[in-house]
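This report describes the architecture of one protein model. It treats the strands, the helix packing and the ligand surroundings in turn.

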Amino acid sequence: MTHPDDPATADDDGALGGVHIKYLHHCPRQLWLYTRGYRPEQRSDLVAFGEVVNDTTFTRRHDIDLGEAKIDWVTTGAVVHETKSSRAPSPAHAAQVRHYCLLLERRGITVRGGTVHYPLVRRTLDVPWDDDARTQAEADEDRARTVIAAAEPPARLARAQCRGCSYLDYCWGD
Ligand code: SF4
């Protein structure tokens, strides 16, 4: 799992990590705030919970550190693996895995695809890696860079969509 407080988010040189793509899909405003140094998730119970799930589920796996992103692990092929502490798949999870596939491919690795693991519900989600997936991953990068470059933060989501977001304080003064 890539954590927001990892040095994996090399904002300064424009490199995009998994967390950028995750936030892009969750809320562009969150991505914008994150890249400007506002990172309340460092104190979030949810993030701490995710770390515990990750650390106790696959104890023999080792992160692959790409600099801008840390991949949970890669198996022969190469197949990218990502562990999530949530109980339900979200489009952001698959997008994050596609981003890792793209980063690996750019390093000359022949990528076969990805798998998202949901240990709390004993489920996995396969993420294909093909021309469509590559196009989606590249489009996500472009979209993330556009959001990050904006002079003003994107608008808030509807209040109901902000439930559980660690940026609630900042956005809504809760
Ligand atoms: S509180 Fe809502 S608007 Fe603010 S970053 Fe989170 S999801 Fe986006």
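## The β5-β6 pair

Strand β5 (residues 113-118) and strand β6 (residues 123-128) pair in the antiparallel sense, and six bridges join them. The model is a predicted one.

The hairpin of β5 and β6 has four residues between the strands. Within this hairpin, Arg 122 adopts a positive phi near 50°.

## The sheet

The β5-β6 pair belongs to an open sheet of four strands, ordered β3-β4-β5-β6, in which the pairing is mixed.

## Packing of α1 and α4

Two packed helices are described by the angle between their axes and the distance between the axes. For helix α1 (residues 18-26) and helix α4 (residues 91-106), the axes come within 8 Å and cross at roughly 150°. Angles over 145 degrees count as roughly antiparallel, and α1 and α4 are therefore roughly antiparallel to each other. The crossing of α1 past α4 is right-handed.

On the α1 side, the contact is made by Gly 18, Ile 21, Lys 22, His 25 and His 26. On the α4 side, Pro 91, Ala 92, Ala 95, Gln 96, His 99 and Tyr 100 take part. By residue class, the contact of α1 with α4 comprises five nonpolar, five polar and one charged.

## The ligand shell

Which residues surround the ligand? The shell is formed by Cys 27, Arg 29, Gln 30, Arg 156, Leu 157, Gln 161, Cys 162, Cys 165, Tyr 167, Leu 168 and Cys 171. Helices α2 (28-35) and α6 (168-172) each supply at least two residues of this shell.

In terms of residue class, the shell around the ligand divides into seven nonpolar, two polar and two charged residues.

Terms used:
Residues are numbered from 1 along each chain as its sequence is written. This is a predicted model: local features need pLDDT of at least 70, side-chain atom pairs count only at pLDDT 80 or more; totals for chains, interfaces and linings use all residues. A residue is near a molecule or strand if its C-beta atom, placed from the backbone, lies within 6 Å of it. Ala, Val, Leu, Ile, Met, Phe, Trp, Tyr, Cys and Pro count as nonpolar, Asp, Glu, Lys and Arg as charged, and the others, Gly among them, as polar. Axes are lines fitted to C-alpha atoms, for helices over the stretch in contact, and angles run from 0 to 180 degrees between N-to-C directions. Angles under 35 degrees count as roughly parallel, over 145 as roughly antiparallel, 65 to 115 as roughly perpendicular and the rest as oblique. A crossing is left-handed if the near helix is turned anticlockwise from the far one by less than a right angle, and right-handed if clockwise. Two residues are in contact if their C-beta atoms, placed from the backbone, lie within 7 Å. Two strands pair if DSSP finds at least two bridges between them.
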